[in-house]
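Reader: I have a model open and want a quick tour. Can you walk me through it?

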Amino acid sequence: MSDMILEMKNITKLFPGVRALDNVNLQVKRGTIHALVGENGAGKSTLMNVLSGIYPFGSYTGDIVYNGEVCKFSKITDSEEKGIVIIHQELALVPYMTIGENMFLGNEQGKAFNIDWDTTYAEADKYLKIVGLSESSRTLIKDIGVGKQQMVEIAKALAKNAKLLILDEPTSSLNETDSRALLDLMLRFKEEGMTCIIISHKLNEVSYVADEITVIRDGSTIETIDNAGHDIDEDRIIRGMVGREIEDRFPKRPGVEVGEVCMDVSGWTVHHPIYHEKKVVDNVSFHVRKGEVVGISGLMGAGRTELAMSLFGRSYGSAISGSLKLGGKEVHLKNARDAIKHGLAYVTEDRKGNGLILSNPIRVNNTLANLDALCEKGVIDQDKEYAVADEYRVKLRTKCTGIEQHVGNLSGGNQQKVLLAKWMFTDPDILILDEPTRGIDVGAKYEIYCIINDLVAQGKSVIMISSELPEVLGMSDRIYVMNEGRIVGEFQQEEASQESIMGCILKSTVS
């Protein structure tokens, strides 16, 4: 049998006005982990959608050779029958169904209209054990965390007898501990003979697990790199991805004079919106100055998002208490509209679920948070709307066919730019960014960082929540560390390090 389990030859895929894939070639060796890397919109997910039958035979040109056989998949079940299973970045689980029900949804055990539930849950428990989950398969999906949900997706793939497992950004929503557990599971699968393809923007993770790395840029294959020693030079990957050198991952910020305190939070306490006895933010106090980037670091579940949303017009939580001062005056923000009027903006971590209307064009999304600026007597001035959207398209260098393009058809990095533009149009004094670069590539990250620097250069302030410690360290003037709903440390940029931040978290957990 050939060493190659998969060969994709001269794959070309066209969308209206866009050549998404241009004669792409990919070879994957049996029993290895193969990484696909590239900027957002480079064509990685499109290539995997071609492979899995989401884009059926006839909608592209080129050949798919799997286990020595030319395959012409017309739907996703065709590829799954061959053992090719894809796990998408957005988890496809139903929250109010059990783990077992989710695992065999569309692959039901038993006969038509007569599901064998005993077999369903017994089989589900078997696969959960394989991926290292101790939860009962009768547990509802909504009652387990994101990291465990990702493991459920993998167990679901195993239940389909996966031989080639494709994971698209599997760790984008996971903390470092859960990410490492998932990567180690992939390595274990490799030892057992499974082949994996991973799409990831986290180059340290790619270097850790991948045997070979294929770089795709602008819909074309650039090169495939041997990473047998797992010591690949990340700068080489970046050059291939973006077509240029990025000498510094974090752009230098011109000398911005940090001004007076513009936001002062004291004794801020927030309870869970459903379980009212549970504190999710516990007596938090911090301040932000004009022209300053303040980072908030912490593990997943530390309360960072809950803090940000509760400050933004009480968008989260119950029984909120404490003091919030803006510009030296105490304010009581009752809702998001109040927050916007007082110069606050919040860029959510969930751009697709809560930040953007994917079925609407860029033009509409850009102006949603500040329609008053476009309206005369309750009617939107479309000329102004077009002008604003086009201005931000140019300013943020959003790659699109035009401001009428639907946001759902943009790459992740360009969706993030549209979301930023939406809140920049409100002209905020303080911009809260929650995971602003989640799921986007190194080139798009650099552009987001430049936008942040431009904002503080204008005298605005930025609060940046990020799970990526290098990002927090590279961009922040000061860093607050959160754990279990509390502020457990504060560092100036020059005294902060990954070790000091993690040490702060661990010590506070022990105590």
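Author: The strands involved are S13 (residues 261–271) and S16 (residues 318–326), which pair in the antiparallel sense over 6 bridges. Helices (H or I, at least four residues) and strands (E, at least two) are DSSP runs, numbered from the N terminus. Two strands pair if DSSP finds at least two bridges between them.

Reader: Before more, what kind of model is this, and what are the ground rules?

Author: This is a predicted model, where local features need pLDDT of at least 70, side-chain atom pairs count only at pLDDT 80 or more, and totals for chains, interfaces and linings use all residues. Residues are numbered from 1 along each chain as its sequence is written, and side-chain values use heavy atoms, with hydrogens and water left out.

Reader: OK. Which sheet holds S13 and S16, and in what order?

Author: An open sheet of 4 strands, ordered S14-S13-S16-S17, with antiparallel pairing. S14 and strand S17 (329–330) are the edge strands, and each pairs on one side only.

Reader: And the sheet with 6 strands, what's its order?

Author: S18-S21-S22-S15-S23-S24, open, with mixed pairing. Its edge strands are S18 (344–347) and S24 (486–492), each pairing on one side only. Neighbouring strands are turned by 20° against each other on average, direction ignored. Axes for such angles are lines fitted to C-alpha atoms, for helices over the stretch in contact, and angles run from 0 to 180 degrees between N-to-C directions.

Reader: Where do S15 and S23 come in, parallel or antiparallel?

Author: Strand S15 (residues 293–297) and strand S23 (residues 478–483) pair in the parallel sense, over 4 bridges. Glycine 295 stands opposite isoleucine 479 in S23.

Reader: Which strands does helix H9 touch?

Author: H9 (residues 304–311) packs on the sheet and touches S15, S18, S21 (430–434), S22 (461–465) and S23. Contact means heavy atoms within 4.5 Å. The direction of H9 makes about 145° with that of S18.

Reader: Which residues of H9 are buried?

Author: Arg304, Thr305, Leu307, Ala308, Ser310 and Leu311. That is 6 of the 8 residues of H9, so the helix is largely enclosed by the rest of the structure. Buried means under 20% relative accessible area, exposed over 50%, partly exposed in between (1.4 Å probe, protein chains only). Glycine 313 follows H9, and its phi is positive, near 65°.

Reader: What does helix H15 lie across?

Author: Helix H15 (residues 442–457) lies across S15, S21 and S22. It runs at about 145° to S22.

Reader: Switching to rings. How many aromatic pairs are there?

Author: The structure holds 7. One of them joins phenylalanine 57 and tyrosine 60, edge-to-face, at 6.1 Å centre to centre and 85° between the planes. Rings of Phe, Tyr and Trp (its six-membered ring) pair if their centres lie within 6.5 Å; planes under 30 degrees apart count as stacked, over 60 as edge-to-face and the rest as tilted.

Reader: Is tyrosine 60 buried or exposed?

Author: Buried, with a relative accessible area of 7%. Phenylalanine 57 is partly exposed, at 40%. Another pair is phenylalanine 286 with tyrosine 480: the centres are 5.6 Å apart and the planes at 65°, so this pair is edge-to-face.

Reader: Why does that pair tie together separate parts of the sequence?

Author: Phenylalanine 286 lies in strand S14 (residues 279–289) and tyrosine 480 in S23, so the pair ties together parts 194 residues apart in sequence. Both residues are buried. Elsewhere, ring pairs link Phe312, Tyr346 and Trp423 into a cluster.

Reader: Which charges sit over the rings of tyrosine 55 and tyrosine 208?

Author: The charged end of lysine 13 sits over the ring of tyrosine 55, 4.6 Å from its centre. Arginine 180 lies over the face of tyrosine 208, at 4.0 Å from the ring centre. The test: NZ of Lys or CZ of Arg is within 6 Å of the ring centre and within 35 degrees of the ring normal.

Reader: Last one. What's in the hairpin of S4 and S5?

Author: There are 2 residues between the strands, and asparagine 67 takes a positive phi near 55°. S4 and strand S5 (residues 69–71) run antiparallel, joined by 3 bridges. Tyrosine 66 has glutamate 69 in S5 as its bridge partner. S4 (residues 61–66) is also joined to strand S1 (residues 4–15) by 5 bridges, and these two run antiparallel.
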